[in-house]
Amino acid sequence: MTFPHLDHDSRVAAVRSKDPRFDGWFVTGVLSTGIYCRPSCPAITPAVSNMAFYPSAAAAQGAGFRACKRCLPDATPGSPRWHLRGDVAARAARLVADGVVDREGVGGLASRLGYSTRQVERLLREELGAGPLALARAQRAQTARLLVEGTDLSMAQVAHAAGFTSIRAFNATVREVYAATPTELRTAAYRRRRATPAPTGTARVPGALGGTGAPTALTLRLPFRAPLHVPSLFGHLVATGVAGVDAWDGATLSQSVSLPRGPAVLELTPPAPDERHIGLRLRLTDVADLGAAIQRCRHLLDLDADPVAVDEHLGADPALAPLVAATPGVRLPGALDGGELAIRVVLSQQVSTAAAGTHAARLVARLGRPLPESFGDLGVTHLFPTADALAGTAEADLGGMPGSRRRTVLRVATALADDSLQLGPGVDRQIAREQLLALPGVGPWTAEMILMRGLGDPDAFPATDLGVRVTAAGLGLPTGRGLVAHAARWSPWRAYASALLWAGSQHAAATLPGETRHTPDQTKESA
């Protein structure tokens with residue numbers, strides 16, 4: 001089994017150095033103890049002869065190893081491989097993480113990919129050492145531990161939330177993976193919390209909102225690889241927010257989202273300088289949507305990226321080096337739903353960020369579904385309009401914008417509604433690009449923005465974006481085709497170069513509201 005940039009000696013060196021940058025890239029099975037650990041495990045480093053390396057927790061579990069109770073290897077950021085790659089195995093891994101196997105089975109996963117179940121099994125075993133059922137099982141075990149250790153939900157509720165079909169399967173899996181019963185895990189976690197703060201990646205504040213039909217409320221922590229440039233990430237999401245769907249209270253970003261089993265609201269809190277996690281409070285209609293909600297949040301904030309690798313690559317260009325030094329750890333501001341993001345991007349064509357937000361807020365007020373009253377007053381009131389709702393709207397009812405843009409909104413919504421345009425986590429990015437560009441009114445800028453933010457394509461490049469062009473010119477870079485040619489050296493991270501140029505601009509999206517913006521050698525403003 002091979003790993004990008006990591007041969008056997010490199011993995012041994014990573015384990016010996018306890019370097020947290022490699023957490024999620026692989027796990028180490030310790031032959032003498034029968035446990036598997038993350039590379040940064042603080043325990044005594046095993047002898048090289050006792051190390052066995054696996055590309056995933058599922059593969060280690062399949063080989064008979066149990067998760068280390070000290071380093072919690074299943075609570076690490078996800079592998080950056082699936083973030084970078086767009087092949088079938090990567091698309092399958094993203095769909096498994098989104099819960100498709102639990103909801104639709106392996107047949108549903110294969111159907112979404114356009115492959116047979118046998119082909120999908122083979123591809124995932126070659127890449128991850130485990131098939132789709134084993135990967136889904138490992139994810140269910142991780143979710144179960146998260147809820148067992150950090151909430152007061154009953155074990156039956158935990159089993160349902162984690163995606164198990166029965167209490168018996170839940171108990172058996174937890175015992176096999178963690179060498180402890182669910183009750184033993186909860187008791188041990190309670191003792192740890194009394195002595196020290198909970199480990200990164202575990203739920204911290206238990207509870208459920210009272211009242212019949214009230215959503216379940218859970219507070220979690222989402223780990224990430226440092227560094228993380230918080231101002232440009234949260235600043236972009238705040239600046240491009242839509243009233244009714246998004247809200248920023250000065251400390252927390254709230255967003256509504258439609259999950260497979262019902263609406264939800266998430267509240268994201270930026271980390272303090274010394275923290276390595278994002279605070280997340282979820283309000284879920286059905287706790288079984290927890291896994292999907294966590295994955296959507298990780299995509300929204302690009303938490304599975306490898307920022308050191310990106311910064312090293314982009315910093316090798318002398319033109320970008322000052323920006324990399326000033327804004328390390330820039331991430332791609334993502335989206336909770338690719339289709340919703342596509343509509344938002346179309347609404348922002350050739351207008352300011354504020355004007356785009358106004359157009360979107362009008363659509364939300366007119367066509368968005370109100371959140372149930374049981375969600376309470378969270379600053380958000382609606383779900384973004386569905387593609388079906390938009391596609392069934394008359395063009396005249398989308399007033400307040402040019403006729404050409406109204407028609408483009410309807411074309412994109414109709415294509416999403418009839419599945420001729422697919423923007424989910426398992427789509428082929430190049431096919432999605434071709435489908436987008438085939439729609440009248442969708443040009444390269446729109447397509448690249450959707451690929452970059454909606455699908456997390458790390459090499460998408462909106463070369464004509466105003467913020468990209470203005471900041472690039474301020475750095476002495478060429479414009480037009482010259483910028484596209486120069487950007488070839490930034491591949492496969494051109495999307496991160498775009499985010500870096502945004503972070504180095506004077507635009508409101510480059511910083512959180514109320515913060516002072518300092519940029520290296522920048523005097524121009526971008527709109």
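Predicted model: local features only at pLDDT ≥ 70, side-chain atom pairs only at ≥ 80, totals over all residues.
**View 1. E1 and E3 run antiparallel to each other.** Here you can follow strand E1 (residues 27-30) alongside E3, joined over 4 bridges.

**View 2. E2 and E4 go for the parallel arrangement.** Strand E2 (residues 35-37) meets E4 over 2 bridges. Tyr36 is a handy place to look, with Ala67 of E4 as its bridge partner.

**View 3. Strand E3 is covered on both faces.** In a regular strand, side chains alternate between the two faces of the sheet. Within E3 (residues 51-54), Met51 and Phe53 take one side while Ala52 and Tyr54 take the other, and all of them are buried.

**View 4. Now for the largest cavity, with a volume of about 60 Å³.** The structure holds 3 cavities of 30 Å³ or more. Helix H11 (230-239) and helix H23 (494-503) are the elements that give two or more residues to the lining of the largest one. Among the lining residues are Ser232, Leu233, His236, Arg331, Pro333 and Trp502. Sorted by class, the lining comes to 8 nonpolar, 2 polar and 1 charged residues.

Technical notes. Residues numbered from 1 in each chain as written. Heavy atoms only, no water. 1 Å grid on protein atoms, 1.4 Å probe; cavity = no way out; pocket = protein on both sides within 12 Å on 5 of 7 lines; lining within 4 Å. Points joined across faces, edges and corners; volume = space filled by probe spheres on them. Nonpolar A, V, L, I, M, F, W, Y, C, P; charged D, E, K, R; others polar. Buried < 20%, exposed > 50% of the residue type's maximum accessible area, 1.4 Å probe, protein only. Pairing = 2+ DSSP bridges.
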